[in-house]
Amino acid sequence: MSDKMLDFEETATQTGPKGVINDWRRFKLESMDQENLPAAKKELLRQMSSPSRPRDESKSSINRKISVQEYELLKEEDEGCLKKYRKQCMQDMHDKLSFGPRFEGVHELDSGDAFLEVIEKEHYSTVVVVHIYKVGVKGCEELNNCLDSLATEYPTVKFCRIDAVASGAAERFSDEVLPTLLVYKAGELLGNFLACTQHLNQEFFATDVETFLNSYGLLPEKEMAGVEDEEGNDIE
């Protein structure tokens, strides 16, 4: 067998039960506090998690069963590590099934050109929510705060805001029609909500804005919240 084939076997992602065990071992090694581990335990973990092997190692030793030492080490590890591993695996799977770009926070647009660019040049699968606001107009600040929260829950949605004056179309967006929410996808206007807070309670929160947008089918499925433990508490 050529050296290239051996290198490929050593670096390729493994599947099936053996691949899962090796991934778990690697995760354990990376997540443990290496500084405080006894030298013998650290070396054992390194051997357990390393995918490489000596070229002259026999096939029988490569395919050996898990040792008693390894089994005891795996068994004694706390449940928190296993739960973190499960959470990471589910998040990795979710990320692989997600399409289109992801965003962080609400994007501030400073001109009409920036407004047009985000609509025309964004990925075709991306929902773009634009809040047109003006400082001092009732409901605008509250809506900005709500969109800050929703942006963390819907990272595949591009949330933006632009001051009505900066947009260059202040005459079209007078105080009477603010705050305004515009929703686009693939350059097409899907939602045009003038004075949108009229559709909400006097005191509203991010969940109210979310419900309002969902009533028109404008938000994608919410991102996976992450794996929770049996008590319903998020893993720290």
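This is a predicted model: local features need pLDDT of at least 70, side-chain atom pairs count only at pLDDT 80 or more; totals for chains, interfaces and linings use all residues.

Biologist: Is N144 buried or exposed?
Modeller: The cut-off for buried is under 20% relative accessible area. N144 has a relative accessible area of 11%, so N144 is buried.

Biologist: Which strands does α8 lie across?
Modeller: Helix α8 covers residues 140–153. This helix runs at about 160° to β2, which spans 127–133. The strands that α8 lies across are β2, β3 (158–163) and β4.

Biologist: What is the order of the strands in the sheet?
Modeller: The sheet is open, has 5 strands and shows mixed pairing. Its edge strands, each pairing on one side only, are β1 (107–109) and β5 (188–193). Neighbouring strands are turned by 25° against each other on average, direction ignored. The order is β1-β3-β2-β4-β5.

Biologist: In which sense do β2 and β3 pair, parallel or antiparallel?
Modeller: As background, strands of a sheet pair through backbone hydrogen bonds, in either a parallel or an antiparallel way. Between β2 and β3 there are 6 bridges, and Y133 stands opposite D163 in β3. The sense of this pairing is parallel.

Biologist: How many bridges join β1 to β3?
Modeller: These two strands run parallel. In this part of the sheet, E108 stands opposite R161 in β3. The number of bridges joining β1 to β3 is 3.

Biologist: Which residue in β5 does K185 stand opposite?
Modeller: Strand β4 covers residues 180–185 and runs antiparallel to β5, with 5 bridges joining the two. The residue opposite K185 is E188.

Biologist: At what angle do α8 and α9 pack?
Modeller: Two packed helices are described by the angle between their axes and the distance between the axes. For α8 and α9 (residues 206–215), the axes are 8 Å apart. The two helices are roughly perpendicular to each other, with an angle of about 75°.

Biologist: Which residues of α9 make the contact with α8?
Modeller: On the α8 side, the contact is made by L143, C146, L147, S149, L150 and E153. By class, this contact has 6 nonpolar, 1 polar and 2 charged residues. On the α9 side, the residues are A206, V209 and E210.

Biologist: One last stop: how far apart are the C-alpha atoms of G100 and H123?
Modeller: G100 sits in the loop between α6 (79–97) and β1, and is partly exposed, with a relative accessible area of 34%. Not counting residues up to four places away in sequence, G100 touches H123 and S125. G100 and H123 are 23 residues apart along the chain, and their C-alpha atoms are separated by 6.7 Å.

Conventions. Residues are numbered from 1 along each chain as its sequence is written. Side-chain values use heavy atoms; hydrogens and water are left out. Axes are lines fitted to C-alpha atoms, for helices over the stretch in contact, and angles run from 0 to 180 degrees between N-to-C directions. Helices (H or I, at least four residues) and strands (E, at least two) are DSSP runs, numbered from the N terminus. Angles under 35 degrees count as roughly parallel, over 145 as roughly antiparallel, 65 to 115 as roughly perpendicular and the rest as oblique. Contact means heavy atoms within 4.5 Å. Ala, Val, Leu, Ile, Met, Phe, Trp, Tyr, Cys and Pro count as nonpolar, Asp, Glu, Lys and Arg as charged, and the others, Gly among them, as polar. Two strands pair if DSSP finds at least two bridges between them. Buried means under 20% relative accessible area, exposed over 50%, partly exposed in between (1.4 Å probe, protein chains only).
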